[in-house]
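Work through these exercises with the structure open beside you. Try each task before you read its solution.

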Amino acid sequence: MKIVVIGGTGLIGSKVVAFLGDHGHEAVAAAPNTGVNTITGEGLAEALDGADVVVDVSNSPSFEAAPAMEFFQTSTGNLLAAEEKAGVGHHVALSVVGTDRLAENGYFRAKLTQEKLIADSSVPYSIVHATQFFEFLKGITDDATHDGVVSLAPVYIQPIAAQDVAATVAEVAAGSPLNAIVEVGGPERFRLDELVRTTLAARQDPREVRTDPAARYFGGVLEEYTLVPADDARRGATRLEDWRAAQAQAVK
């Protein structure tokens with residue numbers, strides 16, 4: 001199958017392209033740096049010519065509410081319209097576990113809007129909800145840091161390796177449309193505050209982690225299970241300890 005990966009040169013997209021290529025598909029990496037721009041429409045029709053499946057793992061360059069909403073509305077709208085014209089039979093999008101539970105945050109509202117556009121389109125679809133990546137733990141920590149103190153709620157989190165997310169997205173893309181959401185998370189659950197505390201200690205980062213049940217997560221209020229998938233979700237294979245060891249080895 002010809003599978004076009006929007007955002008195909010990024011963290012997840014490049015891995016999706018590699019997985020699909022290894023399984024015999026014609027995987028095309030589409031991004032502004034390859035001449036395909038879903039905001040302006042540049043190169044979109046040409047990229048989608050003959051495509052069986054489109055995978056969208058692109059992301060807004062800003063996490064602020066207004067620009068994120070503009071990005072997802074414009075990009076997704078242009079992409080779905082181009083898919084309809086090209087006769088694409090399956091649209092696969094990557095989103096976030098807990099999006100519907102974090103709708104007070106503008107970025108997550110934008111992601112919900114993206115999902116609704118996809119579900120309302122005539123193009124058959126599958127949406128993959130992934131938990132936060134191991135690679136994003138630093139960003140979570142930095143956002144929660146004020147005056148050298150990291151304030152985090154003691155809620156559950158089930159992070160996952162980007163490689164495992166990409167493998168799931170590639171597997172879904174190679175299958176039939178689900179016209180539904182499928183969830184994937186890491187193999188282990190942690191308490192968010194304790195996970196960050198031990199991570200900082202391992203890195204000899206002097207920041208103090210303060211446990212605060214009222215601490216917000218990118219501006220949103222967290223319940224105990226906001227950030228984790230349902231019990232029947234798919235699970236990645238990579239444990240955090242093994243991922244950390246691989247990262248350490250890679251920089252040697």
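**Exercise 1. Overall shape**

What percentage of the 252 residues of the protein count as buried? Then check the radius of gyration against the globule rule.

Solution. Start with the ground rules. This is a predicted model: local features need pLDDT of at least 70, side-chain atom pairs count only at pLDDT 80 or more, and totals for chains, interfaces and linings use all residues. Residues are numbered from 1 along each chain as its sequence is written, and side-chain values use heavy atoms, leaving out hydrogens and water.

Step 1. Buried means under 20% relative accessible area, exposed means over 50%, and partly exposed lies in between (1.4 Å probe, protein chains only). By that rule, 48% of the 252 residues count as buried.

Step 2. The radius of gyration is taken over C-alpha atoms, and the globule rule is 2.2 Å times the number of residues to the power 0.38. For 252 residues a compact globule would come near 18 Å; the protein has 18 Å, so the two agree.

Step 3. Along the principal axes, the C-alpha atoms fill a box of roughly 55 × 40 × 35 Å.

Step 4. Count the secondary structure: eight helices and twelve strands. Helices (H or I, at least four residues) and strands (E, at least two) are DSSP runs, numbered from the N terminus.

**Exercise 2. A serine in a loop**

Is Ser60 buried or exposed? Describe its surroundings.

Solution. Step 1. Ser60 lies in the loop between strand E3 (53-56) and H3.

Step 1. Its relative accessible area is 5%, so Ser60 is buried.

Step 2. Ser60 touches Pro67, Ala68, Phe71 and Phe72, not counting residues up to four places away in sequence.

Step 3. The side chain of Ser60 reaches the backbone oxygen of Ser62 at 2.5 Å.

Step 4. Ser60 and Tyr107 are 47 residues apart in sequence, yet 8.9 Å apart in space, C-alpha to C-alpha.

**Exercise 3. Positive phi**

What is phi of Gln204, and what is phi of Phe218? Place each residue.

Solution. Step 1. Phi of Gln204 is near 55°, a positive value in a residue other than glycine. Gln204 sits in the loop between H7 and strand E11 (208-211). At 74% relative accessibility, Gln204 counts as exposed.

Step 1. Phi of Phe218 is near 50°, again positive in a residue other than glycine. Phe218 sits in the loop between E11 and strand E12 (234-235). Its relative accessible area is 32%, so Phe218 is partly exposed.

Key: Contact means heavy atoms within 4.5 Å. A polar contact is a pair of N or O atoms within 3.5 Å; within protein, one must be able to donate a hydrogen and the other to accept it, and residues adjacent in sequence count only if both atoms are side-chain atoms.
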